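These are my notebook entries on a structure that was new to me. I set down what I looked up, entry by entry.

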Amino acid sequence: MKRKIRVLSLFLGASILFSSVHGYADFKEEAEARKSWPIQSNQIENWPEGPAIGAGSAILMDADSGLILYEKNIHEHMFPASTTKLMTCILAMEKENVSLSDMVYFSEAAVMSIPPDGSNMGIDVGNEMTLEECLYGILVCSANEISNAVGEYVSGSDEKFVKLMNERAKELGCLDTHFTNAHGYTDPDHYTSAYDLALMGREFFKNELLSKISRTLTYHWYPTPTQPDDMLLSSRNYFIAGYYDIDGLVGSKTGFTDESRQCLVTCCERNGIRLICVIMQEETPYQYEDTLALFNYGYNNFEKINISDYETNYTIQNENFFSSESDVFGDSSPIIFLDTTSTLLIPKTVQFNDLTSKISFAVEDKDHLAQIDYEYNGKFLGNGYLSFSETKNTSDFFNETAFSDSDDGVTNRNAPEEIKEEEEPTFIYVNNIVFWIVVFLSLLLSIFIVRKIFSNYNFAKRRQSIIQKNRLNSSIDYKPYEISKKSRRKRKW
């Protein structure tokens with residue numbers, strides 16, 4: 001009997017293994033077929049051609065500007081699996097008066113609602129862990145029960161937390177997202193897209209602590225009075241485990257269910273350029289190979305430039321009136337200048353003069369006068385600003401290039417020699433206006449001074465004439481007296 005049971009067990013095990021291998025082979029064939037699917041970014045004229053990959057959906061986005069470098073079905077609704085936990089961690093860190101030492105309680109609902117085949121750490125009902133330990137549990141081990149507990153910690157209940165997740169997704173600009181849980185286990189109404197996950201990734205990787213935890217290989221949970229287990233667990237992310245070399249890794253989060261297949265959200269930074277890559281519906285280990293291929297595509301075909309090195313259509317005329325040594329107002333700076341911190345990530349196949357731009361004065365930021373939006377063939381690339389000066393030496397921008405090749409990833413190429421004939425530059429003559437105002441006032445002052453001088457001169461002439469007349473009158477009065485005296489003398493003699 002035991003022998004029959006043993007044989008039956010071996011048969012069932014072999015059947016399951018055969019089914020798994022056979023199923024994986026089918027999935028791999030599907031992934032191979034997806035390589036022929038259209039890549040929307042390749043349809044843009046003169047845009048760098050991106051690689052064909054087996055993912056059903058993929059995106060490569062500039063974390064700073066939101067520029068989409070590579071896109072393949074980026075708005076397709078798909079199951080995100082555990083990449084959902086990016087949003088869970090974002091909301092945990094955004095909780096009012098949050099502290100990493102806060103204790104998170106594991107309710108029966110948080111623990112017992114986890115499906116048996118979902119990833120977990122085996123935390124018991126009634127246990128408590130610090131929020132910091134919970135974040136490691138979510139991002140290193142992808143533990144579902146911890147995600148539930150953190151959701152309850154943030155909002156009080158799973159239902160309220162899910163509502164908050166959906167509200168925050170809309171605030172981030174997500175177009176194709178609807179959450180039903182905090183952990184990502186498959187639900188027909190729980191979906192997102194590669195584009196939306198990239199937006200969540202932009203927000204997630206802004207947080208240095210979350211980024212650090214998401215690239216942590218191993219974490220040790222020591223036993224405490226509220227959590228008695230001693231656990232040393234490691235990440236199963238191939239990038240973090242070292243199975244694939246990746247330069248400049250900021251952080252990464254995996255996700256997998258039978259329905260979603262492999263999902264991966266990764267952030268990388270090289271030479272001051274931070275990119276986010278999202279892979280959805282792929283097979284192991286190709287989600288990592290796809291990610292590396294897209295990062296190499298991005299860093300090899302795009303470069304960051306400083307807008308102030310090239311922009312000539314929105315020129316502020318400056319003749320060192322405010323910054324020269326002879327400045328009548330003292331040592332000062334231009335009132336308005338093209339923001340020298342504004343950058344664009346553009347394809348190496350595109351020249352700055354190929355871009356189209358438009359200026360808008362409806363800017364909420366009080367430090368900026370106007371915003372300039374840049375596009376290429378209808379594709380938004382980013383923006384720059386006209387700003388009010390608050391610091392010295394900003395006038396250097398008007399006379400010479402202030403940037404050079406450096407570690408910040410900004411390329412200083414020679415400014416274009418020609419401007420398209422059909423484009424008329426827009427000049428802002430700030431200093432010239434002030435100059436002519438001063439000239440006008442100086443002219444009025446000169447006229448006043450000249451009139452004053454002439455008036456004083458005429459007054460002096462009249463006074464001299466009066467004095468001479470008085471002297472003449474005095475002389476005339478004296479002579480008769482003298483003559484009469486002499487006459488009297490003659491008569492006496």
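Entry 1: I looked up the burial of K304 first. Its relative accessibility is 7%, and the cut-off for buried is under 20%, so K304 counts as buried. I note here that the model is a predicted one. I then asked which side chain K304 meets in a salt bridge. The partner is D64, with 3.2 Å from N to O. D64 has a relative accessible area of 49% and is therefore partly exposed.

Entry 2: strand β10. I wished to know how many residues of β10 are buried. The count is 5 of 5, and the strand is mostly covered. In general, the side chains of a regular strand alternate between the two faces of the sheet. For β10 I recorded F302, K304 and N306 on one side, with E303 and I305 on the other. Both of these faces are covered. I next looked for a pairing strand and found β13 (residues 343-347), which is joined to β10 by 5 bridges and runs antiparallel to it. Opposite I305 I found L344 of β13.

Entry 3: further salt bridges. I recorded 9 salt bridges in the structure. In general, side chains of opposite charge can pair when their charged atoms come close. One of the pairs is R261 with E283, at 2.9 Å from N to O. This pair, too, links distant parts of the chain, its residues being 22 apart. R261 belongs to strand β8 (residues 261-270), while E283 sits in the loop between β9 (273-282) and α10 (286-301). Are R261 and E283 buried or exposed? I found R261 buried, and E283 likewise.

Entry 4: I turned to K206 and E203, whose side chains meet in a salt bridge at 3.5 Å, N to O. K206 is exposed, because its relative accessible area is 59% and exposed means over 50%. E203 has a relative accessible area of 21%, so I listed E203 as partly exposed. Which residues are linked with K206 and E203 in a network of salt bridges? I found E94, R168 and E171 in that network as well.

Entry 5: strand β5. I found β5 joined to strand β6 (residues 231-234) by 4 bridges, in the antiparallel sense. For W221 I noted M231 as the bridge partner in β6.

Entry 6: an open sheet. I traced a sheet of 4 strands, open and antiparallel in its pairing, in the order β12-β16-β15-β14. Which strands lie at the edges of this sheet? They are β12 (336-338) and β14 (356-360), each of which pairs on one side only. On average, neighbouring strands of the sheet are turned by 25° against each other, with direction ignored. I then followed β14 to strand β15 (residues 368-376) and counted 5 bridges between them, again antiparallel. Within this pairing I placed S360 opposite Q371 of β15.

How values were computed: Residues are numbered from 1 along each chain as its sequence is written. This is a predicted model: local features need pLDDT of at least 70, side-chain atom pairs count only at pLDDT 80 or more; totals for chains, interfaces and linings use all residues. Side-chain values use heavy atoms; hydrogens and water are left out. Two strands pair if DSSP finds at least two bridges between them. Helices (H or I, at least four residues) and strands (E, at least two) are DSSP runs, numbered from the N terminus. Axes are lines fitted to C-alpha atoms, for helices over the stretch in contact, and angles run from 0 to 180 degrees between N-to-C directions. A salt bridge is a side-chain nitrogen of Lys or Arg within 4 Å of a carboxyl oxygen of Asp or Glu. Buried means under 20% relative accessible area, exposed over 50%, partly exposed in between (1.4 Å probe, protein chains only).
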